[in-house]
Amino acid sequence: MANGQHDIPYNVGVMTDVGSPSRIRILLPHIANQIAAGEVIERPASVAKELLENSLDAAATQIDIAVEHGGVHLIRVRDNGAGIHRDDLLLALSRHATSKIALPEDLERVSTLGFRGEALPSIGSVSYLSLVSRTKEDETGWAVNAEGEKAPTASEPRPHPPGTTVEVRDLFFNMPARRRFLRSEKTEFLHLHGLVKRIALSRFDVGISLHHDQRPVLNVRPAKSDEEKDRRLTSLFGAAFLGRARRIDYQAAGLRVWGWLGLPAAARSQTDMQYVYLNGRIIRDKRINHALRQAYDDLLYPGRHPVYVLYLEVDPSCVDVNVHPTKHEVRFRDPRTVHDFLYGRLHQALSECSPPISADGGESLPPWPVARASGAHARWAAHGRWPQNPPGALVQDRPRHHSIASETVVADASASRAAKQAPPPPLGRALAPLHGKYLIAETGLGITLVDIQAAQVRIAFARLTAAYESGPVRSRPLLLPVGIVVAETMVDLAVEFASDLARVGLVVDRVGPDRLMVREIPALLVRANVEALVRDVLAVTADYSRDGNANALPQSLLTTLAAHAHDELSGHLDLAELNALLRDLEQVDAHGEESHEGVVWRELSLEALDALLRRRK
């Protein structure tokens with residue numbers, strides 16, 4: 001007691017507006033449900049995930065999804081699974097009610113996707129939910145309804161085939177604050193469509209269809225044979241993926257990894273085509289991601305990300321999936337073994353990719369890159385391109401380093417001698433390329449080392465930015481337009497942002513539900529891999545569409561375009577072209593040696609060289 005007041009422990013309550021501590025109380029059920037919903041349900045895609053996982057756990061072989069207005073107004077999931085018994089329908093809408101866990105020991109060997117019993121009551125607490133189900137033994141279906149905070153209605157008969165249908169309408173109708181945090185309908189549907197795609201990849205034995213606003217978006221049939229699985233991958237990723245991926249299947253120490261490993265040629269600027277499944281469950285695990293990065297470590301340029309669809313199978317007792325409400329994170333009993341197994345097998349698979357031997361005994365140029373290459377082959381392989389233009393990307397030829405400064409390079413011998421007698425330019429005069437990657441230049445104070453690729457990217461970014469600020473970036477038509485097969489959502493994005501793409505010099509047209517035709521590319525990128533360029537640009541556009549930052553798209557597009565400006569043949573530039581590169585870099589490089597883009601060049605003085613070599617003066 002102090003001054004007539006009770007001493008209250010600091011962790012017992014919180015202070016109210018008038019300064020007195022509040023008392024501990026049990027949360028009201030509807031508030032507890034809304035808090036639980038906040039842990040499980042972030043957006044319509046989160047609802048779809050929970051419902052689809054329930055359908056898969058019910059042994060469904062066909063799942064049909066229909067959504068309206070990006071899933072905010074309606075998400076309907078119908079399956080032909082085992083169904084729910086009439087007497088269990090109301091229980092299914094109660095918290096902590098599940099048919100998948102009975103004893104504490106069951107948590108040690110979880111083999112189902114869902115098991116917490118939180119999804120349906122959480123969804124029902126923030127929407128108008130209708131649940132209709134019929135088991136094979138019943139003659140008719142039975143339905144229950146939930147409406148936000150109200151208690152679910154009693155079950156009533158309703159015609160329904162064997163299986164279950166769940167309808168979720170007006171998501172977050174009773175939580176205006178949460179609903180305001182949702183993005184546009186198009187953005188929410190992109191998230192939902194991506195989720196359905198990931199589910200379709202997790203279970204090849206299940207047919208899945210998706211309709212948005214009564215328009216078919218996705219329809220994949222059950223796939224059992226390898227050919228049918230390849231067709232499903234093609235329908236989801238396009239034919240280009242299989243052409244640049246290798247099927248793998250390895251087993252050891254009770255572990256198995258199988259799937260499709262993208263070769264370095266398929267690398268992207270985004271991580272949007274990286275899929276890893278553990279016992280059929282979509283996961284994000286730091287150790288697995290680290291093992292994959294290590295396997296690709298010496299095969300990709302910085303800023304490029306591999307693509308893969310991999311399935312890891314382990315004994316359920318060796319992994320704990322009860323770590324996070326969304327069940328994306330897991331914990332392995334022996335994480336080091338899993339990491340070393342994945343790294344070793346995937347690195348081995350990539351190392352075994354060797355170029356085929358031609359009839360005359362020489363190496364023929366494959367359509368995809370090779371690991372364990374050397375010299376020029378290694379440089380070209382890292383980019384997935386050989387020293388030739390990609391099919392269909394015919395443009396007027398130009399010097400390997402097209403430059404304004406190259407037009408003023410002195411050609412005759414007398415002028416060349418005069419140039420050598422003049423004081424060297426700021427970045428010096430080119431002496432020689434080094435391993436096809438770097439440039440050595442002589443300055444008045446020592447030498448300059450230049451990263452050729454980084455220099456080309458910086459020059460291109462500066463020129464693209466200047467062109468964009470003064471008007472549309474100048475484009476150049478392709479003599480033969482390039483057709484690219486992409487997901488329908490990406491085609492829709494290309495159409496929606498066509499004017500933004502045209503402003504940066506990229507002109508594409510829709511020529512089919514999942515096909516684009518590239519007709520013009522920026523004039524500065526005439527030797528770029530057109531398909532890789534467009535796919536990276538679409539990935540950046542998709543990120544912008546999700547985030548909605550009005551100022552982010554132009555800068556992101558220009559950065560992505562500039563990343564494709566380097567020339568795989570730059571290791572074979574002659575001295576005139578190398579000097580032209582230095583002069584161009586001097587014109588645009590306002591940051592000096594380093595900037596946010598990284599180190600492009602570095603100068604070493606004679607004194608630094610003397611100290612390095614311990615030369616006596």
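Predicted model: local features only at pLDDT ≥ 70, side-chain atom pairs only at ≥ 80, totals over all residues.
1. As background, strands of a sheet pair through backbone hydrogen bonds, either parallel or antiparallel.

2. S17 and S18 belong to an open sheet of four strands, in the order S16-S17-S18-S24, with antiparallel pairing. Strand S16 (429-434) and strand S24 (601-605) are at the edges; each has a single partner strand, so one side of each is left without a neighbour in the sheet. On average, neighbouring strands of this sheet are turned by 25° against each other, with direction ignored.

3. Helix H18, residues 575-588, packs on this sheet. H18 touches S16, S17, S18 and S24, and its direction makes about 115° with that of S16. Helix H19, residues 606-613, lies across S18 and S24. The angle at which H19 runs to S24 is about 75°.

4. Now to the empty space inside the model. Rolling a probe the size of a water molecule over the atoms shows where empty space is left. A search of the whole structure finds six cavities of 30 Å³ or more. The largest cavity holds about 190 Å³ of space.

5. What surrounds the largest cavity? Its lining is made of 15 residues. Nearest its centre lie Arg 244, Ala 266, Arg 268, Glu 531 and Arg 535. By class, the lining has nine nonpolar residues, six charged ones and no polar ones.

6. Which helix gives the most to this lining? It is H16, with four residues. Helix H8 (239-243) and helix H16 (530-547) each supply at least two residues of the lining.

7. The last point concerns charged pairs. How many salt bridges does the structure hold? There are 23. In one of them, the side chains of Glu 188 and Arg 43 meet, at 2.9 Å from N to O.

Key: Residues numbered from 1 in each chain as written. Heavy atoms only, no water. 1 Å grid on protein atoms, 1.4 Å probe; cavity = no way out; pocket = protein on both sides within 12 Å on 5 of 7 lines; lining within 4 Å. Points joined across faces, edges and corners; volume = space filled by probe spheres on them. Nonpolar A, V, L, I, M, F, W, Y, C, P; charged D, E, K, R; others polar. Pairing = 2+ DSSP bridges. Axes fitted to C-alpha atoms, helices over the stretch in contact; angles between N-to-C directions. Contact = heavy atoms within 4.5 Å. Salt bridge = Lys/Arg side-chain N within 4 Å of Asp/Glu carboxyl O.
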